[in-house]
Amino acid sequence: MISFDECVREGLLRKMPPSKKEAEDQLRKSVVLLNEAKTAQATNLPNAAMMSAYTAVLDAGRALLFKDGYREKSHACVARYLEAKYSREIGVSYIYLLDEYRDRRHKTL
């Protein structure tokens, strides 16, 4: 598994000016995708539900990166950033769940 430091060193996490607007946009997108996931699950579309749920959580994580002034080039590095900077607030088990969804996403495609 790639580490936070490797993500930064390899340019997969890059500093940028913090952007409240981009963070808010990502959160709005996350809410839409979460609702799509709920609809897909309710209509017995488990793959669509999983994909939408994963993307909703990923976009919520990206919102924190934008707020803090980072941009990612790797989904795995979003999880590593959250682990390094927000594990106390979010909880490590939820961050690992993001990694698990990322793995399931690859199997769904």
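Me: Which side chains does the 3.1 Å polar contact join?
Reply: That one runs between the side chains of Glu 22 and Arg 71, 3.1 Å apart. Keep in mind that this is a predicted model.

Me: Where does Glu 22 sit, then?
Reply: Glu 22 is in helix α2.

Me: What else is Glu 22 in contact with, leaving aside neighbours within four places in sequence?
Reply: Met 16 and Phe 66, along with Arg 71. The C-alpha atoms of Glu 22 and Leu 65 are separated by 9.6 Å, and those two are 43 residues apart along the chain.

Me: Phe 66 again. What about Ser 19, what is that in contact with?
Reply: Ser 19 is in contact with Phe 66 and Lys 67, leaving aside neighbours within four places in sequence. Ser 19 belongs to the loop between β1 (13-15) and α2.

Me: And is Ser 19 buried or exposed?
Reply: Buried, because its relative accessible area is 15% and the cut-off for buried is under 20%.

Me: How do α3 and α4 pack?
Reply: Helix α3 (residues 46-68) and helix α4 (residues 75-90) pack at an angle of about 70°, and their axes are 10 Å apart. So α3 is roughly perpendicular to α4.

Me: Which residues meet there?
Reply: On the α3 side you have Tyr 54, Leu 58, Gly 61, Arg 62, Leu 64, Leu 65, Lys 67 and Asp 68. On the α4 side they meet His 75, Val 78, Tyr 81, Leu 82, Tyr 86 and Ile 90.

Me: How many of those are nonpolar, and how many charged?
Reply: Nine are nonpolar and three are charged, with two polar ones making up the rest of the α3 with α4 contact.

Me: I see tyrosines in there. How many aromatic pairs does the structure hold?
Reply: Three. One of them is Tyr 70 with Tyr 81, a tilted pair at 5.0 Å centre to centre and 50° between the planes. Tyr 70 lies in strand β2 and Tyr 81 in helix α4, so that pair ties together parts that are eleven residues apart in sequence.

Me: Are Tyr 70 and Tyr 81 buried or exposed?
Reply: Both Tyr 70 and Tyr 81 are buried, with Tyr 81 at 2% relative accessibility. Tyr 81 and Tyr 86 also form a tilted aromatic pair, 6.4 Å centre to centre with 50° between the planes. Tyr 86 counts as buried too, at 13% relative accessibility.

Me: Which residues do the ring pairs link into a cluster?
Reply: Phe 4, Tyr 70, Tyr 81 and Tyr 86.

Me: New topic: what does the side chain of Ser 74 lie 3.3 Å from?
Reply: A polar atom of the Ser 74 side chain lies 3.3 Å from the backbone nitrogen of Ala 76. Ser 74 is in the loop between β2 (70-72) and α4, and at 17% relative accessible area Ser 74 is buried.

Me: Last one. What phi does Asn 44 have?
Reply: A positive phi of about 60°, although Asn 44 is not a glycine. Most residues other than glycine have a negative phi.

Me: Where is Asn 44, and is it buried or exposed?
Reply: Asn 44 is in the loop between α2 (20-42) and α3. Asn 44 counts as exposed, at 64% relative accessibility.

Definitions and conventions:
Residues numbered from 1 in each chain as written. Predicted model: local features only at pLDDT ≥ 70, side-chain atom pairs only at ≥ 80, totals over all residues. Heavy atoms only, no water. Axes fitted to C-alpha atoms, helices over the stretch in contact; angles between N-to-C directions. Helix = DSSP H or I, 4+ residues; strand = E, 2+ residues; numbered from the N terminus. Parallel < 35°, antiparallel > 145°, perpendicular 65-115°, else oblique. Contact = heavy atoms within 4.5 Å. Nonpolar A, V, L, I, M, F, W, Y, C, P; charged D, E, K, R; others polar. Buried < 20%, exposed > 50% of the residue type's maximum accessible area, 1.4 Å probe, protein only. Polar contact = N/O pair within 3.5 Å; in protein donor to acceptor, adjacent residues only side chain to side chain. Phe/Tyr/Trp six-rings, centres within 6.5 Å; stacked < 30°, edge-to-face > 60°.
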